[in-house]
Amino acid sequence: MRPYLVLLVALSLQAAVAEWSYQTSWYEKARQDKVARGTVWPQPRSIDTTSVRYYLDPRNFRLEADSSSAAVSDPECKAVVDHALSRYGELLFWIPEEDRAGVDGDETLDKLVLTITRGCTRYPSLESDESYSILVNSDGATLLAQTAWGALRGLETFSQLIYGENGKHVINGTSISDSPRFPHRGIMIDTARHYLPLPFILRHLDAMAYNKMNVLHWHIVDDQAFPFQSTTFPDLSGKGAYTRKHVYTPDDVSQVLEFARLRGIRVIPEFDTPGHMMSWGQGHPEILTRCYPTSFQPDIYYLGPANPARETTYTFMRKLFEEIRELFADEYFHVGGDEVRFQCWNSNEEVQEFMVQQGFPNSTVGFADLQGYYINRILEILHQVPERTRGIVWQEIFDNFEISGDLTGLNLDTIIHVWEWNDTRYQGEPFREEMAKVTAAGYRTILSSCYYLNYISYGRDWPQYYECDPHDFQGTEAQKQLVIGGEACLWAEWVDSTNFIPRMWPRASAVAERLWSPQDVADSEAASPRMEEQRCRMVRRGIPAQPQGPSYCEYEWNILSQLPNYRPVITSSGPRVTEGLFHNLFLGVLVLAVVKCLA
Amino acid sequence: MKPCLAFLVALSLQAAVAEWSYQTSWYEKARQDKVARGTVWPQPRSIDTTSVRYYLDPRSFKLEADSSSAAVSDPECKEVVDHALSRYGGLLFWIPEEDRAGVDGDEILDKLVLTITRGCTRYPSLESDESYSILVNSDGATLRAQTAWGALRGLETFSQLIYGENGKHVINGTSISDSPRFPHRGIMIDTARHYLPLPFILNHLDAMAYNKMNVLHWHIVDDQAFPFQSATFPDLSGKGAYTRKHVYTPDDVSQVLEFARLRGIRVIPEFDTPGHMMSWGQGHPEILTRCYPTSFQPDIYHLGPANPARETTYTFMRKLFEEIRQLFADEYFHVGGDEVRFQCWNSNEEVHQFMVQQGFPNSTQGFADLQGYYIRRILEILHQVPETTRGIVWQEIFDNFEITGDLTGLNLDTIIHVWEWNDTRYQGEPFREEMAKVTAAGYRTILSSCYYLNYISYGRDWPQYYECDPHDFQGTEAQKQLVIGGEACLWAEWVDSTNFIPRMWPRASAVAERLWSPQDVADSEAASPRMEEQRCRMVRRGIPAQPQGPSYCEYEWNILSQLPNYRPVITSSGLRVTEGLFHIMFLDVLVLAVVKCLA
C-alpha cells in the first residue's frame with residue numbers, strides 16, 4: 001500500500017504548495033522582531049543557545065531510543081516512546097519537499113538519541129517526573145529523561161528548537177535543563193452545555209501536548225445534559241443526553257484516555273454533585289430532591305440537588321462511581337460541589353426531617369452542615385472505589401466546612417479547586433485570599449479563578465492570564481508548596497465544536513507557560529515573539545489557533561483541510577466553480593483509479 | 001464511476017450516522033419552545049401558514065423550472081436557475097436514509113415549479129428585483145419571481161420551510177409574498193490584516209446566500225498587506241503581500257465572482273485611498289507621500305498617504321482601476337477615504353508647494369481641501385473606467401467636504417458609507433446624526449456603525465445588531481429613501497481562517513434580518529427561536545456558525561468533516577488510536593480498493 005499512498009499524498013501536497021517561492025517582503029522584515037523562530041513554549045527552566053547552526057536532512061534524520069536504557073528495555077516506556085517517536089518523526093519537518101534546499105557541505109545533525117534513566121508507569125500521575133535535559137552540539141543530540149513522560153516533554157522541546165531558514169531545517173547548539181514548576185497543569189472542558197464530538201477532544205489533546213499541559217479535566221455532565229453513557233444506569237444518558245447520538249460511550253472514553261496517555265496527559269472526570277444535576281433527574285428522579293414551591297420560584301422540573309436524606313442516593317452514587325473509576329485511570333476524581341441551592345432542600349419535608357434527626361439547625365449553617373455531611377459521604381465512597389481514589393472539589397465545599405466551623409469532616413487529601421472571581425465577601429481579587437485560607441488549613445489547591453477562557457473581550461487578552469501567578473498570595477513557603485497548579489477553564493455555554501479550538505488556543509498557551517516556566521518568566525511583552533511562533537507552530541500542525549493581531553503564518557495551509565467541499569476548480573472552458581461534496585482532486589484521482597481498475 | 005462512488009459514499013455516511021435512533025429527551029421537550037422548526041430567516045414580508053402538512057419524498061421530489069417561462073427560455077436566467085436547482089436539490093433533505101420513515105398514505109407534495117416572469121441580467125446589481133412569492137397547497141407548490149435573483153431568494157425560503165418530523169420531511173400549507181426592505185445588504189471582509197484562503201471566502205458566500213445577503217464588500221488591501229495580484233503592477237503584491245503565496249490571483253478573484261454571481265451576490269472591491277496604503281509603497285513608493293520627521297513620529301518606512309501633488313499618482317491609479325474594473329463586474333467601487341493622516345502631508349515640501357499652487361490654506365481646512373481635491377480626481381477617474389462606474393466612500397470624505405463648506409466637489413452619485421461609532425463631536429450615537437446630515441445633503445448612504453462584528457463580548461450579543469435600525473434618525477421620508485442598506489463589518493485584526501466563520505455567523509444573520517425584513521420585525525426575544533433554527537440549519541449545511549447559549553443541533557455532524565485527521569479507529573486486537581495524516585476510513589477503503597485492483 002505504501003508506494004501508492006506516498007504518490008497520492010505527494011500529489012495532493014503538490015497542489016497545496018504549488019507556486020510557493022518564498023521572497024522576503026517588507027512586512028516580513030518588520031515581522032522579524034515579532035516572531036522568535038525556533039524558540040520554545042513554554043520557556044524551559046534553563047536554556048543556553050550557541051550561534052552554531054546544525055542542519056537536519058529530513059530524509060536521513062533519525063529519532064532513536066537508546067536500546068541500553070529503559071526507553072527500550074522497559075515495556076511500559078517502550079510503548080509510549082515508540083508512539084512518540086513516530087509522531088514526532090512527522091512533526092520535526094514541515095518545509096515541503098519542493099522548497100527544500102540541500103544541506104551538502106553544511107554541518108549536519110543526523111540523529112537524536114533518547115535515553116530514559118529510570119523507568120515508566122502505565123499512566124501519568126500527579127507524582128510523575130517530567131524533567132528532561134537536551135544537549136545539541138558537534139557530538140550530536142541527546143535527550144535524557146527519567147521517565148517516558150519526561151521524554152515526551154523533551155521531544156516536544158526538541159521539535160520546537162528546529163526552525164526553517166532558506167529552505168533548510170536548522171537547529172542551533174543548545175543545552176537545556178527543564179522541569180515543570182507545577183505538577184498539575186490542566187484544562188477544563190465542558191461537554192454538557194454543548195456536546196463535543198470526539199475528534200475535537202483529540203485535536204485539543206494534541207494541542208495540550210504541544211504546550212506541555214498534562215491534565216484534561218473533563219466536566220462531562222451538568223444540568224443541561226448527561227452525555228456519559230453508563231452501563232450501570234443506562235437511563236442517565238438514555239434520558240438525560242441531548243439525543244441518543246450526543247453521548248460518550250465507554251469506547252469513546254477509552255479512546256480519549258489512550259490518546260491522552262500516549263501524550264502524558266491525565267484525564268480527570270468530573271461528576272458534579274450535589275448541585276448541577278438536573279439532567280440526572282430525567283433518568284433517575286429518585287436521587288434528586290423534589291423542590292416544593294415556597295417563597296422561591298422552582299424550575300419547571302421541580303428537581304433540585306441530590307437528595308442527601310435517602311440512603312439510596314449514596315448506594316446509587318457508589319455504584320456509578322465504581323463504574324467510572326473502573327473506566328478512568330486517574331487516582332483523582334472531581335466531584336464538583338459548586339453552586340448548591342439550599343432553597344430546594346429547605347422546601348422539602350423529607351430533608352427537613354433528616355436535618356432534625358442529624359441535629360443540623362434550620363439555618364444557613366445547618367444547610368452547610370448538610371452539604372458537608374453529603375460531601376463527606378461522597379468522599380468516603382470515593383476512598384472505597386478503589387481505596388486510592390482521591391477527591392477534588394470546587395472551593396464551596398471548603399467554604400461550607402469553614403462556615404460550619406469544623407474542617408475535620410473534609411479529608412486533608414482532598415484538593416480544593418479555587419474558581420470564584422467576584423466574591424462579594426472580599427475587596428479586589430478575592431481568590432488570592434481564598435488560596436491563602438485553603439493552604440493555611442493544610443489543603444492542596446488548584447487555581448482557576450483568573451484562567452476562565454470563556455470570558456472574552458476585544459483584542460489581545462492573553463496577557464491577563466499570563467500575568468496571574470498561583471503563588472501570588474500572602475502565605476508561608478509551606479503554604480505555597482500546597483499549590484499543585486492551575487487549570488484553564490472553558491465553560492461551554494457559548495462554545496461548541498464550531499469555535500472550541502480557536503477560542504481555546506493560543507489563549508490556553510498563556511496559562512501553560514505560567515504553570516510550567518519559572519515564576520520570573522512573567523513579562524508578556526517579552527513573551528510575545530515566542531507566543532507568535534507558538535501559535536503559528538500550532539497552526540502548521542493543524543490546530544486552528546486564533547491570531548493575536550495582524551499577521552500571517554508561513555505555513556497556515558493546513559487549516560484548508562477543514563473545508564474539503566470548497567476546492568474551486570477552473571476548467572479550460574472558462575471559470576467553473578466546484579460545488580457540493582467530495583470535489584477534491586485527491587479523492588477524484590483515487591476514485592478514477594478504482595474505476596479504471598475495476599473496468 | 002457512479003456505482004463505486006455511491007457505494008463508498010454510503011459506506012462513509014453509514015459510519016457517521018450509525019446507531020442514530022432518535023428519542024425525545026427531556027431537554028428536547030424543553031427545547032421545543034426555543035427552536036422554531038421550519039421557520040424562515042430572515043422573516044418574509046408576508047407569510048401565512050396553515051396547519052395542513054404535506055410530506056416530501058426525497059427520492060421522487062422534483063424542483064422544476066417552468067419551461068414556458070424565462071426560467072428556461074432566457075439563457076441568462078437558465079444558467080443561474082440550473083445551478084440553483086442542483087444546489088437546492090442537495091439542501092432540501094437532510095435526514096439520513098437510515099432514519100427516514102416512508103410517506104405512503106400521507107398527503108404528498110411532489111414538486112415545486114419555478115416561474116420567472118420577467119428576465120435576467122448576467123450579474124445582480126443595486127437595482128435587481130429580488131421579490132418572489134411562494135404558494136404551497138393541495139394543488140402543489142409554486143415559486144414565482146421576476147428575475148433569477150428573486151428565484152434564488154425564493155428557493156432559499158422554500159428550503160427553509162421544510163422541517164423534520166418522525167423521520168419525514170414535512171412542509172405546511174404556506175403562502176408567502178416577500179421582497180427585501182433594503183437593496184444593499186452587505187458584509188465587509190478584510191483580507192489585509194489576515195489573508196483568507198479562498199475556500200473560506202466561498203464557504204462564507206454560501207452562508208450569505210442562506211441569509212439572503214447580497215453584497216460582499218471585499219476590503220482586499222490595507223496598510224499591512226497587498227494580496228491582490230495586479231497584472232499591470234505585479235510589484236504591488238510581489239513586494240506588498242505577506243508572501244508570494246498570500247495572494248489573490250485574477251483566477252482566484254474570478255472564482256469568487258462566479259461563485260457569488262450564482263448566488264445573487266454582488267462583489268464590491270475596496271481599494272482604500274489615499275490613507276491605509278502603506279503596503280502599496282513597498283512596490284511603488286513613488287505614489288505615496290514621503291513623511292519627514294517634524295513634530296510627529298513618522299513610521300519606520302517614512303511613507304504616508306498617496307501623494308496628491310504628483311500627476312503620476314493619478315496616472316497610476318487610473319491604470320490600476322482600469323484593471324480592477326475589468327476584473328470585477330459590479331458598477332460600484334469602494335475607494336475608502338478613511339483615516340488620513342494630515343501630519344505626513346504637512347511634513348512634505350512638495351505637497352506644500354502644491355497646496356500653495358492650488359490656493360489651499362495651510363490649515364486643517366486646507367488639508368481637507370487637498371483630500372477633497374484628491375478624492376474628486378479619483379472619483380473622476382472612476383467615472384471613466386468605464387463611465388458607468390460609481391464610487392462608495394467612507395464617511396470622512398463627506399465630512400471633509402463639509403468642513404470645506406462646499407459639497408459640490410462630491411458627486412451626488414457617490415454613496416457615503418457611515419461607520420464611525422464614537423465620534424467625540426456628538427453625544428450619544430453620533431452615526432444617527434451623520435445619517436441625517438448625509439441624506440439631508442442628498443447622498444445615498446450605507447450604515448455600518450452599529451454592525452461591527454469584530455467587537456466581541458461575553459454572551460448573547462446579536463440583539464444589539466438586530467435592534468439597530470438604519471432608519472432610526474431624524475429625517476424626512478425622502479431622506480429615509482436615500483438609505484440603501486447596511487453592511488456588517490468584520491475587520492480582521494483578530495480574525496483569520498481559524499475563527500472567521502464562527503465569529504461571523506450567526507451574528508451576521510442578525511444584520512441580515514434587520515436589512516431584509518420589515519422594520520417592525522424588531523423583537524430579538526421573539527426572533528430567538530427562529531435564530532436557533534437558522535444557526536442549526538447553517539451548521540447542518542456545513543457552516544460552523546457558533547452557538548447562542550447551551551444547546552445542540554440535531555444534525556451537527558457535518559462539522560466533523562473539518563477534522564479528517566481525527567477519526568479514531570478501534571481494531572479487533574484492542575485499542576488503537578489513529579494518529580497522523582489521512583487515516584480516514586473512507587480513504588483507507590479507497591486505497592485498499594486501488595491496491596486490490598492493481599494486484
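Chain A as a whole averages a pLDDT of 87, with 85% of its residues scoring at least 70. Residues 1-27 of chain A have a pLDDT below 50, and this stretch makes 52 contacts in the model beyond its near neighbours in sequence. Where pLDDT is low, the predicted coordinates should not be read in detail.

Now let us step inside. The largest nonpolar core has 148 residues, and those with the most contacts inside it are B:Phe158, B:Trp280, B:Phe321 and B:Trp505. Helix α13 of chain B, residues 364-382, gives the most to this core, with nine residues. Apart from it lies another core, of 147 residues, including A:Trp462 and A:Tyr555. In soluble globular proteins, nonpolar side chains tend to be buried together.

Leaving aside neighbours within four places in sequence, B:Trp280 is in contact with B:Val221, B:Phe226, B:Leu236, B:Phe271, B:Asp272, B:Ile287, B:Phe316, B:Met317 and B:Leu320.

Our next stop is a histidine in chain A. A:His217 is found in strand β9, which covers residues 215-219. Is this residue buried or exposed? A:His217 is buried, because its relative accessible area is 0% and buried means under 20%. The side chain of A:His217 is joined to that of A:Glu270 by a polar contact of 2.7 Å. Not counting residues up to four places away in sequence, A:His217 also touches others, among them A:His334, A:Trp394, A:His417 and A:Glu487.

Then come the cysteines. Over all chains, the structure holds eight disulfides. One of them joins A:Cys77 to A:Cys120, with an S to S distance of 1.9 Å. The torsion about this S-S bond is about 100 degrees, so the disulfide is right-handed. A:Cys77 sits in helix α4 (residues 75-91) and A:Cys120 in the loop between β3 and β4 of chain A, so the pair ties together parts that are 43 residues apart in sequence. A:Cys77 counts as buried at 0% relative accessibility, and A:Cys120 counts as buried at 16%.

Further along chain A, A:Cys536 and A:Cys553 form a disulfide with their sulfur atoms 2.1 Å apart. With -80 degrees about the S-S bond, this link is left-handed. A:Cys536 lies in helix α20 (residues 524-540) and A:Cys553 in the loop between α20 and α21, so the pair ties together parts that are 17 residues apart in sequence.

Number the bonded cysteines of chain A in sequence order and the pairing reads 1-2, 3-4, 5-6, 7-8; for chain B, the pairing is 1-2, 3-4, 5-6, 7-8.

A:Cys489 is buried, with a relative accessible area of 0%.

Methods:
Residues numbered from 1 in each chain as written. Chains lettered and ligands numbered in written order. Predicted model: local features only at pLDDT ≥ 70, side-chain atom pairs only at ≥ 80, totals over all residues. Heavy atoms only, no water. Core = buried A, V, L, I, M, F, W, Y, C linked by side-chain atoms within 4.5 Å. Buried < 20%, exposed > 50% of the residue type's maximum accessible area, 1.4 Å probe, protein only. Helix = DSSP H or I, 4+ residues; strand = E, 2+ residues; numbered from the N terminus. Contact = heavy atoms within 4.5 Å. Polar contact = N/O pair within 3.5 Å; in protein donor to acceptor, adjacent residues only side chain to side chain. pLDDT = per-residue confidence, 0-100. Disulfide = S-S within 2.5 Å.
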